[in-house]
Amino acid sequence: MTDTQNQLVLDKVNVFYGASHILFDMSFGVRKGRTLALLGRNGAGKTTTMKAIMGVTPVRSGSIHYGDDRLNGRQPHTVARHGIGLVPEDRQIFPQHTVDDNLRIAAKPGPDGQTDWTIDTIYDAFPILAGMRGRKAGMMSGGEQQLLSMARCLMGNPDLILLDEPSEGLAPIIVQEIGRLIRSLRSTGVTIILAEQNMHFCLGLSEDAVVIDKGQIVYVGTIQELRANQEITNRYLAI
Ligand SMILES: Nc1ncnc2c1ncn2[C@@H]1O[C@H](COP(=O)(O)OP(=O)(O)OP(=O)(O)O)[C@@H](O)[C@H]1O
């Protein structure tokens, strides 16, 4: 696999929070149109990796490239303008606004002017949201808010989506719905990084996998090879 096939490349990325060294020489690539599972236990550094890509958390050394563009050192809104969308772990919806307003506020064309996702295509893809478009977001269940957060990200017509633990703490029925959505997103050709603690959730959803532990990469390969690698799964993943 050469770097030219990669849409996003992290090369020896180091991140600190104050004096604490959090990510250590993190290097991996994500290929266009593929889904990569970013796996690791609680506190392994998955969210920090996503925040570093988005420009929310500064990178001390190393580089993050998206195609030919260097992302590190750029502001989050500039990274977003390149076509990268984050669905954050804490969802970041506007609780006082309706579902419809939450979606309309997030509407913008993608980096090449594409507008595949509109309020209508979103409601087609997210029938649960269509049924509650007038409801205040703060009055929705956690799972419904997670769907809204994903839908808000799509309203920005991204080429690369960072999904931070979308299944965490949710009822199985909503986890299934989120899995269905990720599968249908994949069929649109979008690139996805899916941060998860749960490898099994990622099995039918991703081709590639990176496992991190204490801010260091301990596995890069396919998810099927990872599944068969008991040494890594037992040691670094909560199964
Ligand atoms: N703002 C912060 N200041 C200091 N340390 C932080 C901060 N945010 C995270 N950390 C630490 O950085 C490490 C990585 O955290 P991170 O949230 O990236 O992990 P994670 O793999 O996403 O885990 P989780 O599943 O808990 O979200 C942890 O040790 C965490 O305590």
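Q: What counts as a helix or a strand here, and which residue follows helix 1?
A: A helix is a DSSP run of H or I with at least four residues, a strand is a DSSP run of E with at least two, and both are numbered from the N terminus. Helix 1 covers residues 46–54, and after helix 1 comes Gly55, which has a positive phi near 85 degrees.

Q: What kind of model is this, and how confident is the predictor in it?
A: The model is predicted. On the pLDDT scale from 0 to 100, the protein averages 94, and 98% of its residues score at least 70. The predictor also gives an ipTM of 0.94 and a pTM of 0.94 for the complex.

Q: What makes helix 1 mostly covered, and which strands does it lie across?
A: A residue is called buried when 20 or more other C-beta atoms lie within 10 Å of its own, and eight of the nine residues of helix 1 are buried. Among them are Lys46, Thr47, Met50 and Ile53. Helix 1 lies across strand 1, strand 2 and strand 4 (61–66), with a direction at about 70 degrees to that of strand 2.

Q: What is the order of the strands in the open sheet of four, and which strands are at its edges?
A: The order is 2-1-4-5, and the pairing is antiparallel. Strand 2 (20–31) and strand 5 (69–70) are the edge strands, each pairing on one side only. Strand 1 (residues 6–17) runs antiparallel to strand 2 and is joined to it by eight bridges, with Val13 standing opposite Met26 in strand 2.

Q: Why is one side of strand 6 and of strand 10 left without a neighbour in the sheet?
A: The six strands of this open sheet follow the order 6-7-8-3-9-10, and their pairing is mixed. Strand 6 and strand 10 stand at the edges with a single partner strand each, so one side of each has no neighbour in the sheet. On average, and with direction ignored, neighbouring strands of this sheet are turned by 15 degrees against each other.

Q: Why is strand 3 described as largely enclosed, and which strands does it pair with?
A: Five of the five residues of strand 3 (residues 35–39) are buried, so the strand is largely enclosed by the rest of the structure. Thr35, Ala37 and Leu39 point one way, while Leu36 and Leu38 point the other way. In a regular strand, side chains alternate between the two faces of the sheet. Strand 3 pairs in the parallel sense with strand 8 (residues 191–196) over five bridges, where Leu36 has Ile193 as its partner. Strand 3 also pairs in the parallel sense with strand 9 over four bridges, and there Leu39 stands opposite Val211.

Q: How many residues lie between strand 9 and strand 10 in their hairpin?
A: Two residues lie between them, and Lys214 in the turn has a positive phi of about 45 degrees. Strand 9 (residues 208–213) and strand 10 (residues 216–222) pair in the antiparallel sense over six bridges; Asp208 is partnered with Thr222, and Ile212 stands opposite Ile217.

Q: How does the span of helix 6 compare with what its residues should give, and why is the helix called largely enclosed?
A: At 1.5 Å a residue, the 13 residues of helix 6 (residues 142–154) should span 18 Å, and the end C-alpha atoms lie 19 Å apart, which agrees. Since 12 of the 13 residues are buried, helix 6 is largely enclosed by the rest of the structure. Its buried residues pack against several elements, including helix 3 (99–105), helix 4 (119–125) and helix 7 (172–186).

Q: Is His200 buried or exposed?
A: A residue is exposed if 12 or fewer other C-beta atoms lie within 10 Å of its own; His200 has 11, and is therefore exposed. His200 is found in helix 8 (residues 199–203).

Methods: Residues are numbered from 1 along each chain as its sequence is written. This is a predicted model: local features need pLDDT of at least 70, side-chain atom pairs count only at pLDDT 80 or more; totals for chains, interfaces and linings use all residues. The expected span of a helix is 1.5 Å times one less than its number of residues. Two residues are in contact if their C-beta atoms, placed from the backbone, lie within 7 Å. Two strands pair if DSSP finds at least two bridges between them. Axes are lines fitted to C-alpha atoms, for helices over the stretch in contact, and angles run from 0 to 180 degrees between N-to-C directions.
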